[in-house]
Amino acid sequence: MAENSYSLNYRIIDAHTHIMPWDQIKPENLAAFRRTHKNYAQIVDVTSHPDKLVRYMDRLNVEKLVLINYPSPEVIGFTAAANDFSANFARTHPDRFIPFGGVHPKFCDDVAAEMDRIIDLGIQGIKIHPPHQYIYPNAYHESDAWSGLATIYEKCQAVGLPVMIHTGTSVFPAARNKYCDPIYTDDLIVDFPKLKIILAHGGRPLWMDTAFFLVRRHPNVYMDISSIPPQNLLNYFPRLESIADKVLFGSDWPGPGVRDIGANIQSFLELPLSEETRRKILRDTALKLFGDST
């Protein structure tokens, strides 16, 4: 894994990494990681041991990682125990890790109670993954069967937890990409006006214009740039600087095809962006959302 080859006078926050329970992942999905990471065994080792991961972060001048976890028993294999993993992992270095979790209404009899439980565990944000959970983020409008989604948003709005919603395609075998259009978050924005929403991946590669519109239009909507090859970022978002204070750097590491956090940072720094824009995206926007513990 790459070393730090850049010099900055501030530390970086990676708002989208998959530090996850490898033992819950279905074999066909593990195969995708193995195909794209020659150092697969090393990655599993580093991401399974908090102290090793912190040493890796220090080499890259990365202060904090957001640990993305969520239940997805049908597609990825994650159960509700992924919440416990995320919270327990973060507890080892609470100044370095920001744990996200989630509740899948289809597999939860009491969404409100589970939300209370994981908030008490220390979960600091909720991830909704439509193509992996087979659910539109505004499905509570269509059916009482999905009323639990509204409960999730109500709880998050009440206590100030951000909700990250996957937008854009997914490459995992059983993912259903019809759920991925960010326009389905527009109902949430209207119905829960104080809810902090992060559009993960900025709708890439099909719905970037929609994501850009929602971020510009609504004061509590942000996006991360994870899983977008940094060298292509300005092709997708030529007006990125105009929304820099609502954009978060994210790597999506060690997702399939994402080689290394440091390599992504280096590619991002090579873009023709102002230093102010770089700092907002690499650090300051995340501090607005997650707080400054430095």
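Which residues touch the most other members of the largest nonpolar core? In this predicted model, local features were considered at pLDDT of at least 70 and side-chain atom pairs at pLDDT 80 or more, whereas totals for chains, interfaces and linings use all residues. Residues are numbered from 1 along each chain as its sequence is written, and side-chain values use heavy atoms, with hydrogens and water left out.

The largest nonpolar core holds 100 residues, and those touching the most other members are Leu 53, Ile 152, Tyr 153 and Phe 290. Such a core is a set of buried Ala, Val, Leu, Ile, Met, Phe, Trp, Tyr and Cys residues joined through side-chain atoms within 4.5 Å. Buried denotes under 20% relative accessible area, exposed over 50%, and partly exposed in between (1.4 Å probe, protein chains only). Helix H12, residues 275-290, gives the most to this core, with six residues. Helices (H or I, at least four residues) and strands (E, at least two) are DSSP runs, numbered from the N terminus. With neighbours within four places in sequence left aside, the contacts of Leu 53 are Ile 19, Val 46, Leu 65, Phe 89, Phe 97 and Trp 253, contact being heavy atoms within 4.5 Å.

Phe 97 also belongs to strand S3 (residues 97-101), in which five of five residues are buried. In a regular strand, side chains alternate between the two faces of the sheet. In S3, one side carries Phe 97, Pro 99 and Gly 101 and the other Ile 98 and Phe 100, and all are buried. S3 runs parallel to strand S2 (residues 62-67), to which three bridges join it, with Val 66 opposite Ile 98. Two bridges link S3 to strand S4 (residues 125-128), also parallel, and Gly 101 has Ile 126 as its bridge partner there. Strands are taken as paired if DSSP finds at least two bridges between them. S3, helix H5 (residues 111-121) and S4 form a right-handed β-α-β unit; with the strands pointing away from the viewer, the path from the first strand over the helix to the second runs clockwise.

Most residues other than glycine have a negative phi, and most peptide bonds are trans. The bond from Trp 253 to Pro 254 is cis, with omega near 0 degrees, and Pro 254 lies in the loop between strand S8 (247-248) and helix H11 (261-269). The bond from Arg 204 to Pro 205 is likewise cis, with omega near -5 degrees. Pro 205 is in the loop between strand S6 (197-200) and helix H9 (208-217), where His 201 is also found. His 201 has a positive phi, near 70 degrees, and is buried, at 3% relative accessible area.
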